[in-house]
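The exercises below treat a model of protein chains, and each one sets a task and then works through a solution. Please look over the sequence and the structure before reading on.

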Amino acid sequence: MTVIYSLKNVVKERLIDGVGFRLVVPRIQINARENIALIGHSGCGKSTLLDLLALILRPDQDEEFGLHPVDGNSHDIGRLWQRDRQGVLSQIRKQHIGYVMQSGGLLPYLTVRENIELPRRLLGLPDDDSIKSLSRVLGIDRQLDKLPGLLSAGERQRAAFARALSHRPSILIADEPTSALDPITAQKIMAVVMEVIRGLKITLITASHDWAHVYRMELRTLKQEAEAVEGGKVYQSRFVD
Amino acid sequence: MAQLTNIIRLSFRDYSHEWRMSGCFVLALASVLAPMMILFGLKFGIVSSMVQDLVENPLNREIRPVGSGRYDEDWIEAYRNRKDVAFIVPRTRALAATIQLKSETSKRILSAELLATAEGDPLLRGLKRMPQDYYQVILSQSAANKLKVTAGDVIDASLSRQFDGKRDRVHLPVTVIDIANAAATSRNVAFVHLDLLIASELFKDGRLVEDLGWEGDRSDSLQRFYPSFRLYARSISDVETLVGDLEREGVRVNANVAEISTVQSIDRNLAVIFWIIACVGALGFSFSLGASLWANVDRKRRDLSVLRLVGFKSGRIILFPVLQACYTAALGWLLAILVYLAFEYLINYFLAPRLNLHRALCFLLAEHFLWALALTVTVAILAALIGGIRAARIEPADGLRDI
C-alpha cells in the first residue's frame, strides 16, 4: 500500500481572543485507493480537515504534512504553506485533487459542459470523449448545454462530481456532497459515484452522511473526539485513525 | 497563457451572464460621466467661443483717434509696417465723407458714410474683392437693404457742394461689387477706394478732380494730411501697447482696453470655477465608480474562490474583477459619449441660436474623450485591483465557506 497523505500533529485554530475552535490531527495516514469517511456531528471540524487535505486552508502547525500522489512527486505541504508558495499549491491542487463542495460550486455563467471542461482546459488537456462518458455515467448527459441555474439540486451535484473528476485526479474530496438532497437521491448519486471511483481507482475522502452506512464495507471511517479545553474556552476536536 | 485566455473568457462570460447587473454598473458610470462631459463641453465651448469672439471681433481690436489731427502718408505707412498693426487706412473729414446713393430699385436717396478700405480690412473679412478704383463700392448690409441692391448692381453716387455761392452736384456710376457682413457695421456705409474718398474731399473743398472731370481750383500743395485714421491691432493683446505708443506720440485714442481686460479676467475666473467643479466632479465620480466596483468584487468572492479551487493562481484571479471593471469603464464611457453627443446637439441647435451665438456653445475635442477614457479606466482598474487583491488574499477555503 502506498501512503498518499501522512499527517502528524497538524493543528488549525479558529480563535478570537482565545475563544473558539481548534482542530488537532495527532496522526492520520491515508493510503492510495482507500476511501475515507469523516464522521462527526456538524461543526466538529470535518470541513476544516477536508479543506486542509484539499490544500485550500493553511495549517497553523504541523510536524508532518506530506502528500504523495500515486502519479507524481511527493510534496511537503506544510513547508509550501510556510513559504507561502500558493502557486505551487494551486498547481498540485489542479493536477491531483478534485473537490466537490456542499453546494456544488458550479460557476453560474458557464454551461454544465463548460463547467466540467474547466479543469481540463486549465491543465491544457485535449478535448476527448471523457466528458461525454463521465456525464453519461453520472446521468447528466442531457443537461450539458444548460446553465446550472436550470438544473435540479441533484443534477447540480452530479455535475459538480463530473467537474471534480473530469481531469482524472487521483484524489477526490467531497464535503457533505449530498447534504442538501433527499435521502433517496443522495443514495442514488453516491451509488454512481462509488462505482466511478472504483473504476477510476481514485482515493475518496468525504464527510459522511446518511448513505455512509451503505458503504460501510468500503469506507474507512475516521472518528472524531471532542472536548472543551483551556477552561472551556476552546472546543478542541481530534480526528484519530 | 492558458490561464490568461481562460480568465478573459470567463470574466466576459460572467459579465454577459449578469447583464442586468453589468448594465446597472454601466448606467451608473455613464450617469456620472455624461453630465461631467456636458459640463466640460459647455466650459470649453463657452470659454473658447468667448475668446474667439474677442480675437475675431474687429471692434475689440479697433483703436479710434479722438478728435482730429494731422497725419501724413509717411506716418500712416510707418504704422502700417508695424507687426502689431493688422490694418490702417486714413479717414478724411467726417463732413466731406458722405455720399448720396440712388438705385433704380428704390425711390429713396440714401446718404451714406464713405469709408476707405483696402486688402486686409478686418471689417470686410471674408469678402473676395476690394474696390480697385473710383467706380467700385462695397455697401454695408443696412445700406444695401435700404437701396434694395445686390452685388453686381450699378447705382448712382452723387456729391454736392456749396461753392462760390452756387450749388454743384456731380454724379458717378458705381458698381456694387459686394455687400459687407452684417456684423461689420450697422450704419449706412459705402466702402470705397481711398482715391474716391480723397476725390470727395477735394470736390467738397471746391478743388479740381482731374481724373473724374470735376471742376474746381487747382491744388497748390502736393502734401496731403489726413485728420484721422482707422486702425486695427493684430490681436487683442496688442491693443494695450499700441494705445501706449500712440498716446506717447500725443495722439489721443479710444479702445476697448477696459472691456478686453474684463473679458480676460472673466475668462480666467470662469476657468478656475469650472476647474473646481470639474475636480470635485472627477473626485466624486472616482469614488462612486470605485465604491461600486469594490462592492462588486466582494459580491463575487465565492465565485472567485471557486476559480482558485479549480486551480487558478491568485495573480490571475485578480485579473477577473479588473477585466470586468474595464468592460464597465469602456461601455460606460461609450454610453456617456452618446448621451453627451445628444445633449451637445440639443444645446448647439436649440439653445445656442436663442442666445444669438453663431458658434457652437458646447463642444469637446477628440482628445477630451480620450482623457475621459483614461480617467475612467484608471479609476476602474484601481478600484478593482484593491478589491481583487483583497479577494485573492483570503484563503480559498474562507471564501467558499463565508456564504
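**Exercise 1. Determine what share of the residues of chain A count as buried, and describe the make-up of the chain.**

Solution. The model is a predicted one, and in it 43% of the 241 residues of chain A count as buried. Turning to secondary structure, chain A contains 7 helices and 10 strands. When contacts in chain A between residues at least 6 apart in sequence are considered, 73% of them join residues at least 24 apart.

**Exercise 2. Work out how the axes of helix α4 and helix α6 of chain A are arranged, and which residues make the contact.**

Solution. The axes of α4(A), residues 112-123, and α6(A), residues 153-165, come within 7 Å and cross at roughly 30°. Because angles under 35 degrees count as roughly parallel, α4(A) is roughly parallel to α6(A). The crossing of these helices is right-handed. On the α4(A) side the contact is made by A:V112, A:N115, A:I116, A:L118 and A:P119, and on the α6(A) side by A:A159, A:A162 and A:R163. Sorted by class, this contact has 6 nonpolar, 1 polar and 1 charged residues.

**Exercise 3. Describe the side of chain B that touches chain A, by element and by class.**

Solution. The contact takes 21 residues from chain A and 19 residues from chain B. On the chain B side, at least two residues each are supplied by α1 (2-17), α9 (301-310) and α12 (396-401), and the largest share, 6 residues, comes from α1(B). By class, the side of chain B that touches chain A has 8 nonpolar, 5 polar and 6 charged residues.

How values were computed: Residues are numbered from 1 along each chain as its sequence is written. Chains are lettered from A and ligands numbered from 1 in the order in which they are written. This is a predicted model: local features need pLDDT of at least 70, side-chain atom pairs count only at pLDDT 80 or more; totals for chains, interfaces and linings use all residues. Helices (H or I, at least four residues) and strands (E, at least two) are DSSP runs, numbered from the N terminus. A residue is buried if 20 or more other C-beta atoms lie within 10 Å of its own, exposed if 12 or fewer, and partly exposed in between; C-beta atoms are placed from the backbone. Two residues are in contact if their C-beta atoms, placed from the backbone, lie within 7 Å. Axes are lines fitted to C-alpha atoms, for helices over the stretch in contact, and angles run from 0 to 180 degrees between N-to-C directions. Angles under 35 degrees count as roughly parallel, over 145 as roughly antiparallel, 65 to 115 as roughly perpendicular and the rest as oblique. A crossing is left-handed if the near helix is turned anticlockwise from the far one by less than a right angle, and right-handed if clockwise. Ala, Val, Leu, Ile, Met, Phe, Trp, Tyr, Cys and Pro count as nonpolar, Asp, Glu, Lys and Arg as charged, and the others, Gly among them, as polar.
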